[in-house]
Structure formats: C-alpha cells, structure tokens
Amino acid sequence: MASLGCFLRSGKNAVSVVLRREFSKTPPAAVQVNVRDALNQAMDEELERDERVFLLGEEVAQYDGAYKVSRGLWKKYGDKRIIDTPITEMGFAGIAVGAAFAGLRPICEFMTWNFSMQAIDQVINSAAKTYYMSAGAQPVPIVFRGPNGSSAGVAAQHSQCFAAWYGHCPGLKVVSPWNSEDARGLLKAAIRDDNPVVFLENELMYGVPFDLSEDVMQKDFVIPIGKAKVERRGTHITLVSHSRCVGFCLDAASVLAKEGVECEVVNLRTIRPLDVDTIEASVMKTGHLVTVEGGWPQYGVGAEICARVMEGPAFNYLDAPAVRVTGVDIPMPYAKILEDHSVPQIKDIIFSVKKVLNM
C-alpha cells in the first residue's frame with residue numbers, strides 16, 4: 001500500500017509538472033512569394049474586399065497581363081472587373097480617372113511607365129490636381145501602376161525611371177516597392193487611399209522570391225504610405241535607396257562588412273511623401289550619406305534627399321559631403337555592355353562608400 005501511495009503521489013506530481021510546462025512556440029515558417037505573386041494577391045484580396053475596385057489596361061484580362069501580374073483575375077471576376085483596353089493610354093487613363101470621380105476605385109495598369117507619357121495629361125491635370133481644386137470635395141481614389149525603370153535589352157524608349165518625374169507633382173502619392181512585402185502591403189494601401197497613387201514596380205524584380213511571414217500574408221496587412229524601412233542596421237554610413245537598388249545596397253553592405261564597414265540601408269518605399277525623419281535619424285547616427293537610384297542624376301530622388309539633409313538638422317552631423325550614385329545621364333543604350341555601365345552596380349556603391357569614408 002505504501003508503494004502504491006508513492007506511485008500515485010509521483011504520478012500526480014508528474015501531471016502537475018506537465019500542466020505547468022509552457023511548450024516552446026516556434027515562429028511559423030515563412031512562405032516564399034515572388035514580387036509578381038505578391039502584387040497579384042494584393043489585387044485579388046482588394047477586388048474581393050471592395051466591389052468598387054476594378055482593373056483595366058492593355059492585356060490585363062484574357063492574356064493575364066503582359067507580365068502575368070493579373071494572372072487568374074479575369075477568370076475569377078469577369079469582364080466588368082478586369083477590363084482589356086485598346087492600345088491608347090490617354091483613353092483608358094481618362095476612363096479610369098472618370099470612374100474614380102464617380103466613386104469607383106480603379107487600378108490603371110500601364111504596360112510600362114514609359115507609356116504613361118501618352119497619358120500624363122490625365123495623370124497630372126485630371127487626377128493629381130482635382131482633389132485640391134475642388135477644395136477636398138472630389139476625392140480621386142485611383143492607382144496607376146506598372147513596371148518602371150530600366151529592364152534588360154529594351155533600350156531608351158522602355159528604360160526611364162519616373163520616380164523623380166511624378167515625385168515632383170503635388171497631389172500624387174508615389175510608391176516604389178522593392179521586395180514582396182513592400183509590393184503586397186503598399187499596393188493594398190494604395191488601393192484603399194482616396195488620393196491618386198503612382199505605383200512604380202520593377203520588371204526585373206517580378207520573378208524574385210522573398211520570404212513572407214504569416215503576419216504579412218494576412219488579408220488586413222497594410223504598409224503605411226510615406227514610411228521608410230531600415231533594412232539593415234549600421235553605424236558607419238547610411239545608404240538610402242528605393243526599388244531594385246535596395247538589393248544592390250544590401251549586397252554592397254555585405255561586402256563592406258567584411259572590411260569592417262557597417263552600412264545602414266534605408267529602403268524608402270515611398271518617394272512622395274518622403275520619410276525625411278527616418279533618413280535624418282540614420283544620418284545623425286552614422287555621419288555619412290550615400291543615395292542610390294536607377295534614375296538620372298539631374299533633379300533626381302537623390303538630389304532631393306541631399307537637399308533635405310542639407311536644409312535640416314542632420315546636416316550638422318555629416319562628417320563628409322553626401323554622394324549620389326545614379327544612372328548615367330544618357331538615354332539607355334541597347335547593347336548589354338553599355339547598358340550595364342549605364343545603371344548603378346554593386347561596385348559603384350562600394351566605390352562611393354569608400355570615397356565618402358576616405359578609405
């Protein structure tokens with residue numbers, strides 16, 4: 001009987017230990033999603049959430065999009081929500097702006113932002129200015145989206161970066177995502193915004209996969225427009241970039257880390273409004289600044305960042321002049337070797353960092 005009592009007591013204690021034990025909680029495994037699919041998911045979820053949302057543009061419906069960003073949406077939502085248009089950017093951009101005036105929430109896809117030049121009157125004079133000119137009475141909830149900047153082997157007529165062009169214009173919000181998280185969260189925010197949003201994707205990033213956490217995959221995940229993200233912490237120099245060049249900055253930072261240089265990499269995410277606070281905070285910590293962009297140097301995004309830093313409190317913390325890494329000031333050549341020398345490369349960023357740090 002004594003041994004039985006001992007057994008029962010030990011069993012009871014064992015059960016109480018098990019009940020008190022906290023099981024380890026392993027974070028859920030990340031899911032790999034490429035940028036193209038992240039954009040597709042964002043549009044799909046917003047089309048499902050709000051019946052006022054619709055997509056129009058060249059080949060977006062039956063062909064699934066020139067870059068397959070709208071793949072499957074026409075079969076799911078039909079002709080009234082996913083609309084193929086003729087090759088007339090001014091025409092379908094005007095239709096989209098009129099639909100936004102009437103209370104719908106259009107997504108207007110340009111096959112490339114170079115073709116938005118055909119529709120710039122609608123984007124600037126009709127969409128960007130109306131909310132202000134109506135004293136806030138007429139919101140214009142529209143997203144203009146498509147691939148921006150240089151691609152590969154498509155020469156000058158398909159290779160401009162329009163971040164500075166549209167970032168110059170009041171009345172627009174201008175977004176430039178880098179990875180799948182940016183693409184998913186920022187596109188959802190853009191579709192929900194009551195202002196016209198210029199959404200600058202990058203063709204060369206469409207097929208690049210990134211890990212997305214369970215939180216990012218939630219349908220209510222949204223990234224606020226106008227907030228930059230520090231992608232890598234560092235203490236010696238600040239690298240500020242957007243779109244595909246963020247990846248180049250991270251690669252350059254990894255190389256420089258082997259030489260004892262710790263770079264802080266800031267992903268702008270949004271061109272307008274510009275998150276000056278995050279940039280200044282980083283520069284005040286590191287004392288050095290390099291901006292990196294695929295666009296041309298004159299009146300570019302980097303030029304604006306340098307001006308803001310010079311005019312603000314962070315200027316007093318700079319230990320050396322800020323340096324810009326940009327595309328070369330020429331129309332994009334067709335030959336690959338010339339194309340490679342016309343856009344920023346990792347080696348250009350490393351060279352500029354060493355120049356600023358006097359290495």
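Predicted model: local features only at pLDDT ≥ 70, side-chain atom pairs only at ≥ 80, totals over all residues.
**View 1. A look at the largest nonpolar core.** This core holds 57 residues, and Val 290 and Ile 349 are the ones with the most contacts inside it. Helix H8, which runs over residues 245-257, gives the most to this core, with 8 residues. For a bit of background, nonpolar side chains tend to be buried together in soluble globular proteins.

View 2. Leaving aside residues up to four places away in sequence, Val 290 touches a run of Ile 237, Thr 238, Leu 239 and Val 240, along with Val 323 and Val 325. Ser 352, Val 353 and Val 356 are on its contact list too.

**View 3. Thr 278 in helix H9.** Helix H9 covers residues 276-286, and that's where you'll find Thr 278. Its relative accessible area is 13%, so Thr 278 counts as buried, the cut-off being under 20%. Not counting residues up to four places away in sequence, Thr 278 touches Lys 227, Ala 228, Val 230 and Val 266.

**View 4. Inside the largest cavity.** The count comes to 1 cavity of 30 Å³ or more, and the largest cavity has about 30 Å³ of space in it. Around that space you'll see Val 35, Pro 177, Trp 178, Glu 201, Asn 202 and Met 205 as the lining. By class, that makes 4 nonpolar, 1 polar and 1 charged residues.

Methods:
Residues numbered from 1 in each chain as written. Heavy atoms only, no water. 1 Å grid on protein atoms, 1.4 Å probe; cavity = no way out; pocket = protein on both sides within 12 Å on 5 of 7 lines; lining within 4 Å. Points joined across faces, edges and corners; volume = space filled by probe spheres on them. Nonpolar A, V, L, I, M, F, W, Y, C, P; charged D, E, K, R; others polar. Helix = DSSP H or I, 4+ residues; strand = E, 2+ residues; numbered from the N terminus. Buried < 20%, exposed > 50% of the residue type's maximum accessible area, 1.4 Å probe, protein only. Contact = heavy atoms within 4.5 Å. Core = buried A, V, L, I, M, F, W, Y, C linked by side-chain atoms within 4.5 Å.
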